[in-house]
Amino acid sequence: QVQLVESGGGLVQAGGSLRLSCAASGSIFSINAMGWYRQAPGKERELVAAITGGGSTDYADSLEGRFTISRDNAKNTVYLQMNSLKPEDTAVYYCNALVHTIARVTVSVWGQGTQVTVSS
């Protein structure tokens, strides 16, 4: 079994910054891609940023360079640094990881979500 635990969400004023963390634990052999998604009220879940095991990154076009994804492979942890936050960034942020388990099964795992609220 693999678990993802997110932290770092909260309430921040527009223009502020937050750093989200997501730590994976359990029967992990290796982790391929890790990513952050978000879901605002009444909207579908959307990809925010993703990073491969080799460090290649991909971002949603709408972010305009304000967010940075990174990972620490030794800690099985992915981070999302969010700067110049806007009210439209308000959402529940979910971590996702594509994990190769010790049993040699590949699973897509989701975290429980962390709320980010940006006030104007």
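Which hand does the link of Cys22 and Cys95 have about the S-S bond? The link of Cys22 and Cys95 is left-handed, with -80° about that bond.

Before I continue, a word on the basis of these values. This is a predicted model, in which local features need pLDDT of at least 70 and side-chain atom pairs count only at pLDDT 80 or more, while totals for chains, interfaces and linings use all residues. Residues are numbered from 1 along each chain as its sequence is written, and side-chain values use heavy atoms, with hydrogens and water left out.

Let me return to the disulfide, a term used here for a pair of cysteine sulfur atoms within 2.5 Å. The structure holds 1 disulfide, and in it the sulfur atoms of Cys22 and Cys95 are 2.1 Å apart. Cys22 belongs to strand S3 and Cys95 to strand S9, so the pair ties together parts that are 73 residues apart in sequence. Strands here are DSSP runs of E with at least two residues, numbered from the N terminus. Both cysteines, Cys22 and Cys95, are buried; the term buried stands for under 20% relative accessible area, exposed for over 50%, and partly exposed for what lies in between, with a 1.4 Å probe and protein chains only.

Strand S3 leads us to the sheet. An open sheet is formed by 4 strands in the order S1-S3-S8-S7, with antiparallel pairing; two strands count as paired if DSSP finds at least two bridges between them. Strands S1 (2–7) and S7 (67–72) stand at the edges with a single partner strand each, so one side of each has no neighbour in the sheet. On average, neighbouring strands of this sheet are turned by 15° against each other, direction ignored; the axes behind this angle are lines fitted to C-alpha atoms, and angles run from 0 to 180 degrees between N-to-C directions.

Consider the individual pairings. S1 and S3 (residues 18–26) run antiparallel and are joined by 6 bridges. Leu4 stands opposite Ala24 of S3, and Glu6 stands opposite Cys22, the cysteine that is joined to Cys95. S3 is also joined to S8 (residues 77–82), again by 6 bridges and antiparallel; there, Leu18 stands opposite Met82.

A salt bridge requires a side-chain nitrogen of Lys or Arg within 4 Å of a carboxyl oxygen of Asp or Glu. The side chain of Glu6 does reach backbone nitrogens: that of Cys95 at 2.5 Å, and that of Gly113 at 2.4 Å from one of its polar atoms.

How many salt bridges does the structure hold? There are 4. In one of them, Glu46 meets Arg38 at 2.8 Å, N to O; Glu46 is partly exposed at 34% relative accessible area, and Arg38 is buried at 8%. In another, Arg66 and Asp89 have their closest N and O atoms 2.7 Å apart. Arg66 lies in the loop between S6 and S7 and Asp89 in the loop between S8 and S9, 23 residues apart. Arg66 is buried, at 10%, and Asp89 likewise counts as buried, at 1%. Arg38, Glu46, Arg66 and Asp89 are linked in a network of salt bridges.

A further salt bridge is that of Glu64 and Lys86, at 3.0 Å, N to O. Glu64 sits in the loop between S6 (57–59) and S7, and Lys86 in the loop between S8 and S9 (91–101), 22 residues apart. Glu64 is exposed at 60% relative accessibility, while Lys86 is partly exposed at 26%.

S11 runs parallel to S2 (residues 10–13), with 4 bridges between them; Leu11 has Thr117 as its bridge partner. S9 and S11 run antiparallel, joined by 3 bridges, and Val92 stands opposite Gln115.

Conventions. A polar contact is a pair of N or O atoms within 3.5 Å; within protein, one must be able to donate a hydrogen and the other to accept it, and residues adjacent in sequence count only if both atoms are side-chain atoms.
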